[in-house]
Amino acid sequence: MERIENWETVEAKGMDDFKALPIGAYECVIKDARVNENPDTHKRTFKVSVDIAKGEYQDYFLKRYTNNTNTDKKWDNNAVRYLGFEGDNVAYFKGFITSVENSNPGYKWNWDETTLKGKKICGVFQYEEYEKQDGSRGVKVRLNKFRSMDKMKDIEVSDSVKLLNGKYMSIDDYNERQDENKQLNDLFGDSVVEIGSENLPF
């Protein structure tokens, strides 16, 4: 093989150098918020991207982005939530906006999504099932919902897994359902990364 340029100056990293984010309620900062339109269905949703603002896992998703060696990369999709604008989904969107207002004294929603960037909010991360490229299924920790910062201390995060069919199952039962020869790292898998530009997506 051809010699890799700057080989001597590259910092070596092991597979265990990056700790997985546990389920839980975290103080988050909104990195980006924008209206997103599906090019096929033209359905509009509100896309919110966050990162961990404090504690042991501060800047967790920024570090994942920085350490991603793919030429094209975007913010980790596990820290992104899509909120709908139709039917009952409007109530969830209003719940998000209310949580932002309650978490940032003096802030009032003015229908300018750019004003949400940098605002604090509580993000609840829980287990969700996903389908791998080979068709098998695994579990990842993903942004599940938003809450006001004043409610964070009272949030009890369930260890249940949200299945692809929308139902829930305890993580213990889910693990028992898997083949016994699957290793833990294979079960929880790597975070799914979207494809995008080389620079920060915001």
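Is Asp76 buried or exposed? I looked it up: Asp76 counts as buried because its relative accessibility is 3%. The cut-offs I used are under 20% relative accessible area for buried, over 50% for exposed and partly exposed in between, with a 1.4 Å probe and protein chains only. Accessible areas come from the Shrake-Rupley method with a 1.4 Å probe, and for residues only the protein chains shown count as cover.

**Basis.** The model is predicted, so I kept in mind that local features need pLDDT of at least 70 and side-chain atom pairs count only at pLDDT 80 or more, while totals for chains, interfaces and linings use all residues. Residues are numbered from 1 along each chain as its sequence is written, and side-chain values use heavy atoms, with hydrogens and water left out.

**Salt bridges.** I searched the whole structure and found seven salt bridges, each defined as a side-chain nitrogen of Lys or Arg within 4 Å of a carboxyl oxygen of Asp or Glu. One of them joins the side chains of Arg64 and Asp76 at 3.0 Å, N to O. This pair links distant parts of the chain, twelve residues apart: Arg64 sits in helix H1 (residues 60–67) and Asp76 in the loop between H1 and E3. Helices (H or I, at least four residues) and strands (E, at least two) are DSSP runs numbered from the N terminus. Arg64 is partly exposed because its relative accessible area is 22%.

I then followed Glu128. Its side chain meets that of Arg81 in a salt bridge of 4.0 Å, N to O. Glu128 is in strand E4 and Arg81 in strand E3, so this pair ties together parts 47 residues apart in sequence. Arg142 also forms a salt bridge with Glu128, with the closest N and O atoms 3.8 Å apart. Here Arg142 is in strand E5 and Glu128 in strand E4, so the parts tied together are 14 residues apart in sequence. I noted Arg81, Glu128 and Arg142 as a linked network of salt bridges. Both Arg142 and Glu128 are buried, Glu128 at 10% relative accessibility.

**Strands E4 and E5.** I checked the pairing of E4 (residues 120–131) with E5, which is antiparallel over ten bridges; two strands pair if DSSP finds at least two bridges between them. Tyr127 has Val141 in E5 as its bridge partner. The two strands form a hairpin with five residues between them, and Gly135 in the turn has a positive phi of about 95°. E5 (residues 137–147) is mostly covered, with eight of its eleven residues buried.

**Positive phi.** Most residues other than glycine have a negative phi. I found two exceptions worth a line. His42 has a positive phi of about 60° and is in the loop between E1 and strand E2 (44–52). His42 counts as exposed because its relative accessibility is 53%. Trp111 has a positive phi of about 65° and is in the loop between H2 and E4. Trp111 is exposed, with a relative accessible area of 65%.
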